[in-house]
Amino acid sequence: MSYSVAYLGPKGTFTQKAVDALFPNQSLISYQTIPACIDAVKYGHVKYSVVPLENTLEGTVNLTIDYLINEKSLKIVSEIVVPVEQHFMVHPNHKEHWKEIEVIYSHPHALAQCHQFLNQEMRQAEVETYASTGAAAKFVSENPEKLVGAIANDQAAKEYGLEIVKANIHDFANNETRFVVLHKNDSALRINRLSMKGFKTKVMISLPTDHAGALHQVLSAFAWRRINLSKIESRPMKIGLGHYYFLIDIDQKMDDILIPNTIAEIEAIGCHVELLGSYPYYSTEQLKND
């Protein structure tokens with residue numbers, strides 16, 4: 001069955017690597033912003049949307065989680081982790097004298113992740129930010145007469161016909177980005193071609209303002225049931241200082257008894273709980289090893 005999938009573009013981004021692994025045979029539509037990707041699902045222009053949620057070095061992608069919380073109309077139905085490997089690439093015309101490159105373009109995060117390479121090997125070059133690594137690679141490919149280069153992934157080099165002259169220039173080898181698949185309903189999306197690495201359930205909890213020790217009671221409700229939490233973080237509710245949502249990742253699938261009873265106990269002390277999704281997660285590392 002054919003359908004459309006939105007992703008944060010343009011072509012050659014790490015989001016495209018994620019969407020290619022998840023939906024290799026579907027029609028892909030790139031959007032320029034995270035809200036546009038989310039709205040595409042909300043208004044029925046596409047069936048699914050793939051957007052970044054978290055990076056090893058930069059942390060949570062706040063725009064994704066905030067927009068998801070505020071919309072309250074979509075659910076996370078799957079997740080995939082993509083290793084972030086940055087490469088320095090130039091137009092083939094300049095591959096023999098790439099150290100003479102005058103300007104290097106990339107996304108601000110990518111530039112920050114390649115600080116040592118830029119500082120030690122390309123100190124003579126100016127550095128300029130671009131909306132995405134894919135867009136930076138596209139610009140380099142379209143300007144063969146200019147002494148410019150880009151920092152992007154191998155897919156961008158292939159997509160835009162660029163030459164990788166220095167591979168794996170990132171400072172940290174364990175950098176990864178977590179991407180989520182959004183859908184209108186909460187049916188978990190299983191990817192048969194990938195081996196499932198686990199299952200998780202994400203909930204959002206807002207605490208009552210007049211209940212001392214509420215967060216402790218919330219965590220205790222999970223603890224005494226021996227429910228493992230893989231992540232907890234706070235996000236401002238945007239109604240005033242000191243008001244927060246708490247986002248909690250539960251390291252198991254939503255069941256009929258254990259998690260619902262935990263939620264009922266938490267709601268009994270005046271908290272509001274919202275399920276953001278219960279879904280499988282995967283990794284593209286498997287595809288590299290196949």
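Reader: Which residues lie nearest the centre of the largest pocket?
Author: L8, T15, P52, H107 and H109 do, among 28 residues that line the largest pocket. A pocket here is an open set of points on a 1 Å grid over the protein atoms alone, where a 1.4 Å probe fits, with protein on both sides within 12 Å along at least five of seven lines; lining residues have an atom within 4 Å of a point.

Reader: Experiment or prediction, and what are the ground rules?
Author: This is a predicted model, where local features need pLDDT of at least 70 and side-chain atom pairs count only at pLDDT 80 or more, while totals for chains, interfaces and linings use all residues. Residues are numbered from 1 along each chain as its sequence is written, and side-chain values use heavy atoms, with hydrogens and water left out.

Reader: What is the mean pLDDT of the chain?
Author: The chain averages 92, and 98% of the residues score at least 70; pLDDT is the predictor's confidence in each residue, from 0 to 100.

Reader: Back to the pocket. Which element gives the most to the lining?
Author: α4, with 3 residues. Elements supplying at least two include α1 (14–22), β3 (48–55) and α4 (108–113). Helices (H or I, at least four residues) and strands (E, at least two) are DSSP runs, numbered from the N terminus.

Reader: How do the lining residues divide?
Author: Into 11 nonpolar, 16 polar and 1 charged. Ala, Val, Leu, Ile, Met, Phe, Trp, Tyr, Cys and Pro count as nonpolar, Asp, Glu, Lys and Arg as charged, and the others, Gly among them, as polar.

Reader: Changing topic: where is the cis peptide bond?
Author: It joins G9 and P10, with omega about 10°. P10 is in the loop between β1 (4–8) and α1.

Reader: Which residue other than glycine has a positive phi?
Author: N168, with phi near 50°. N168 sits in the loop between β10 (163–166) and β11.

Reader: And where is confidence lowest?
Author: In helix α10 (residues 285–289), at a mean of 57, whereas strand β6 (residues 87–90) is highest, at 98.
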